[in-house]
Amino acid sequence: SEWSSERSIQIPKEQLPPEKPIIIKCRSPEKETFTCWWKPASDGGLLTKHTLLYSKEGEEKVYECPDYKTAGPNSCYFDKKHTSFWTIYNITVRATNEMGSNVSDPHYVDVTYIVQPDPPVNITLELKKSIKRKPYLVLTWSPPPLADVRSGWLTLEYELRLKPEEGEEWETIFVGQQTQCKMFSLNPGKRYIVQIHCKPDHHGLWSEWSPEMYIEIPTDF
Amino acid sequence: MYTHSTALTFCLSNTCTDLQDERYAQGRGFIAKAVNSCHTASLTTPEDKEQAQQIHHEDLLNLILRVLRSWNDPLIHLASEVQRIKEAPETILWKAVEIEEQNKRLLEGMEKIVGRVHSGEVENDIYTPWDGLPSLQLADEDSRLFAFYNLLHCLRRDSHKIDNYLKVLKCRLIHDNNC
Ligand code: NA
Ligand code: NA
Ligand code: NA
């Protein structure tokens with residue numbers, strides 16, 4: 001005979017506690033606040049809630065994340081009030097569903113060492129000509145807007161890189177704390193790509209490179 | 001004067017970075033153990049920008065002096081004990097000596113600044129004692145290496161802290177908060 005009409009049955013998924021969440025990284029953009037991000041635990045089909053818990057060196061107390069909202073999903077934002085330097089934070093993320101919970105490996109962080117600024121802004125370029133000497137280019141820029149460098153709390157150092165548009169290799173120039181750089185030995189008539197990034201002095205990480213900027217070197221350069 | 005001191009601490013923290021390899025430390029679980037273990041932790045120092053800006057400059061200078069004085073003793077021992085680590089490369093040996101020298105020079109510079117600010121009187125006897133020498137001489141290699149790691153972790157932290165405070169003071173007192 002013909003096969004009977006199709007029927008389907010749903011076998012319920014095995015219900016398990018969530019796996020371990022993983023703390024991806026923590027970053028402070030301005031040396032005043034910081035954010036930590038995690039990869040959520042796979043949830044086994046159940047609704048899973050993530051909780052970030054932390055303790056600070058020199059204190060017994062365990063606190064919960066002060067702000068899950070500001071920095072988006074799977075993150076915790078620590079505002080100025082909750083950010084201290086030269087102290088180790090012991091951070092864990094707990095994933096919980098109705099079957100149980102699982103805790104990430106602890107992440108130890110001293111905010112002093114996770115400062116990664118945004119890229120420099122207001123990059124300008126000027127060709128200087130004078131009678132006495134060869135023409136040269138002056139590149140100037142400003143620190144990223146979030147960084148308060150005036151107070152001395154955060155000191156930034158800069159590095160720039162450039163290459164001819166069709167070139168393969170970048171030339172990198174470290175300029176220290178200056179926010180300008182003079183360039184003399186460029187090839188006349190060529191188009192160059194320039195980018196700048198910055199990093200806190202001593203510790204912390206380089207920012208992303210600023211967007212590519214193109215400069216046209218005059219033929220009489 | 002400030003610039004001079006700042007340059008010295010700059011060298012200090014660079015040297016510390018060389019001496020202390022973070023990956024190595026993570027691998028051995030040293031970081032977790034390093035919590036709550038700096039002998040200068042009992043000195044209450046500004047923990048963020050606002051605290052650093054609110055503290056009176058004389059108080060901040062005195063704090064810096066206390067931290068520096070608290071390092072005299074451990075640095076002398078660090079320089080001599082590090083010579084006995086089998087796996088220590090040559091560069092580390094002379095750098096440890098260099099750190100000790102730099103701390104001395106920085107301390108002298110700071111004593112002069114504070115002396116000037118106070119117009120004379122400098123509190124002489126205030127520092128936090130260090131009792132970590134036995135741990136640098138432990139027979140067990142792993143425990144001894146941890147003691148070194150930890151001392152360098154604390155040194156790096158304190159030298160960065162001092163450098164940061166000096167920069168805040170310089171911008172406040174010399175550049176009217178417009179560095
Ligand atoms: Na704070
Ligand atoms: Na800095
Ligand atoms: Na530290």
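A:Glu32 forms a salt bridge with B:Lys49, in which the closest N and O atoms are 3.1 Å apart; a salt bridge is here a side-chain nitrogen of Lys or Arg within 4 Å of a carboxyl oxygen of Asp or Glu. The model is a predicted one, in which local features need pLDDT of at least 70 and side-chain atom pairs count only at pLDDT 80 or more, whereas totals for chains, interfaces and linings use all residues. Residues are numbered from 1 along each chain as its sequence is written, chains are lettered from A and ligands numbered from 1 in the order in which they are written, and side-chain values use heavy atoms, with hydrogens and water left out.

Between chain B and chain A the count is six salt bridges, and 14 residue pairs, both members at pLDDT 80 or more, are in polar contact across this interface. A polar contact is a pair of N or O atoms within 3.5 Å; within protein, one must be able to donate a hydrogen and the other to accept it, and residues adjacent in sequence count only if both atoms are side-chain atoms. On the side of chain B that touches chain A, the elements giving two or more residues are α1 (2–19), α3, α4 and α8 of chain B, helices and strands being DSSP runs (H or I, at least four residues, for helices; E, at least two, for strands) numbered from the N terminus. The most is given by α8(B), with eleven residues.

The contact (heavy atoms within 4.5 Å) takes 30 residues from chain B and 25 residues from chain A. The area buried between the two chains, that is, the accessible area (1.4 Å probe) that two parts lose on being put together, summed over both, is about 2500 Å², of which carbon and sulfur atoms give 53%. In chain B, the residues that lose the most area to chain A are B:Lys49, B:Arg157 and B:His160, together 26% of what that side buries.

B:Arg157 also takes part in a metal site: the protein donors of the sodium ion (ligand 3) are A:Asp110 (OD) and B:Arg157 (NE), lying 2.6 to 3.2 Å from the ion. Because A:Asp110 lies in strand β8 (residues 107–110) of chain A and B:Arg157 in helix α8 (residues 141–173) of chain B, the pair joins two chains. Donors are N, O and S atoms within 2.8 Å of the metal (3.2 Å for Na, K and Ca), and water is not among the atoms, so sites may look incomplete. A:Asp110 is buried at 8% relative accessibility, and B:Arg157 is buried at 6%, where buried means under 20% relative accessible area, exposed over 50%, and partly exposed in between (1.4 Å probe, protein chains only).

A:Lys80 is partly exposed at 38% relative accessibility, whereas B:Asp48 is buried at 15%.

Chain B as a whole has eight helices and zero strands, and buried residues make up 50% of its 179 residues.
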